[in-house]
Amino acid sequence: MRRHVVLGALVAAGALSMTVGAFQQPAGQAAPMVVEVEKLKDNLYVMKGGGGNSAVFITAGGVTVVDTKLPGWGKPLLDKIKTVTDKPVTRIINTHTHFDHVSGNVEFPASIEIIVQENTKTLMDQMNPVYGVQTGPQPNLFKQNGGKGMPTKTFKDKMTVGKGAEQIDLYYFGRAHTGGDAYVVFPALRVMHVGDTMPTRDMPIMDKNNGGSAVAFSATLTKAAAVSGIDTIINGHNPTTTTPADLKLYAEFIADFVKFAQDAKKGGKTVDDVVATWKVPAKYTGYATPTAARVKADAQVAFDESK
Ligand SMILES: [Zn+2]
């Protein structure tokens with residue numbers, strides 16, 4: 001199921017590869033655009049489908065939306081938000097540059113504040129192909145829309161917006177999934193959105209085309225898992241929430257994989273040897289078996305970054 005959610009997102013964006021071809025809709029039968037709602041708290045919802053999981057945070061001053069999904073999904077997301085509140089959306093936060101998290105930005109009113117980590121603003125200007133997923137130049141929705149949907153505010157390492165029950169803390173802890181991953185914390189609710197730094201319990205994309213890193217990934221995530229006052233984590237694509245303990249374990253999972261790849265390289269092995277021999281270690285119960293293509297892409301990034 002997890003795999004279908006992620007692959008479905010890629011299919012919808014036209015980023016087809018051999019491995020996802022089997023999930024294509026028959027021609028002329030576009031899947032209905034259904035945004036599913038999960039109420040986490042009285043004023044915090046997770047809205048799923050059409051790309052990355054969106055968080056919808058409702059305060060007296062307006063609604064903050066974290067991540068806006070695939071192209072064409074901004075409007076269905078906005079429509080779904082209207083079913084849970086009559087407050088206007090005043091702010092978007094994008095966790096990172098990927099098309100399945102930022103594209104809906106252009107379908108929101110132009111007056112909205114859009115906040116990202118500063119590297120993500122640069123990456124949204126470039127929209128480089130996602131390493132291991134896309135090849136060749138990608139369409140830039142923001143340029144096609146005269147700059148609409150681009151960030152209006154950035155932060156470097158930490159920023160706080162709002163106060164009291166409305167407070168949101170934004171953190172950058174270093175390179176991981178991309179070079180501009182933001183961690184979005186709602187302190188009053190003890191919830192953090194971690195984007196695709198832990199998308200599901202599966203191997204993440206280490207998007208070196210967009211500043212991502214294999215070697216830095218685990219240390220970055222360990223910092224995020226240490227943020228105090230968090231009970232609940234919203235993941236980029238997981239159908240249910242997870243916990244800081246899950247995030248810490250995921251950081252170990254990535255460290256184990258990167259070490260495996262580095263040891264293989266030191267021993268004169270190739271990336272293909274890693275693909276042939278690496279298995280999800282038994283301690284990571286409930287983890288999906290990654291595709292060979294994902295293991296290969298991530299092993300390549302680890303090889304490239306290691307002596
Ligand atoms: Zn992503």
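Predicted model: local features only at pLDDT ≥ 70, side-chain atom pairs only at ≥ 80, totals over all residues.

**Strand pairing, the zinc site and the aromatic rings**

Strand 3 and strand 4 (residues 62-66) are antiparallel and are paired over five bridges. They form a hairpin with two residues between them. Strand 3 also pairs with strand 2 (residues 44-48), again in the antiparallel sense, through four bridges. There, Val56 is the bridge partner of Tyr45. The hairpin of strand 2 and strand 3 has five residues between the strands, and Gly49 takes a positive phi near 100° in it.

Is strand 3 mostly covered or uncovered? It is mostly covered, for six of its six residues, 54-59, are buried. Ser54, Val56 and Ile58 point one way, while Ala55, Phe57 and Thr59 point the other way.

I turn now to the metal. The zinc ion has as protein donors His96 (NE2), His98 (ND1), His177 (NE2) and Asp196 (OD), at 2.1 to 2.3 Å. The angles among these four donor atoms run from 85 to 165°, and the site is irregular. Along the chain, the donors follow the spacing H-x1-H-x78-H-x18-D. His177 lies in the loop between strand 9 and strand 10, and Asp196 in the loop between strand 11 and helix 6, so the pair ties together parts that are 19 residues apart in sequence. Both His177 and Asp196 are buried.

Finally, the aromatic rings. The structure holds ten aromatic pairs. One of them, Tyr171 with Phe173, is stacked, at 5.3 Å centre to centre and 15° between the planes. Tyr171 and Phe173 are both buried. An aromatic cluster is formed by Tyr250, Phe253, Phe257, Trp278, Tyr284 and Tyr287.

Methods: Residues numbered from 1 in each chain as written. Heavy atoms only, no water. Donors = N, O, S within 2.8 Å, 3.2 Å for Na, K, Ca; no water. Tetrahedral: all angles 85-135°; square planar, octahedral: opposite > 155°, others 65-115°. Buried < 20%, exposed > 50% of the residue type's maximum accessible area, 1.4 Å probe, protein only. Phe/Tyr/Trp six-rings, centres within 6.5 Å; stacked < 30°, edge-to-face > 60°. Pairing = 2+ DSSP bridges.
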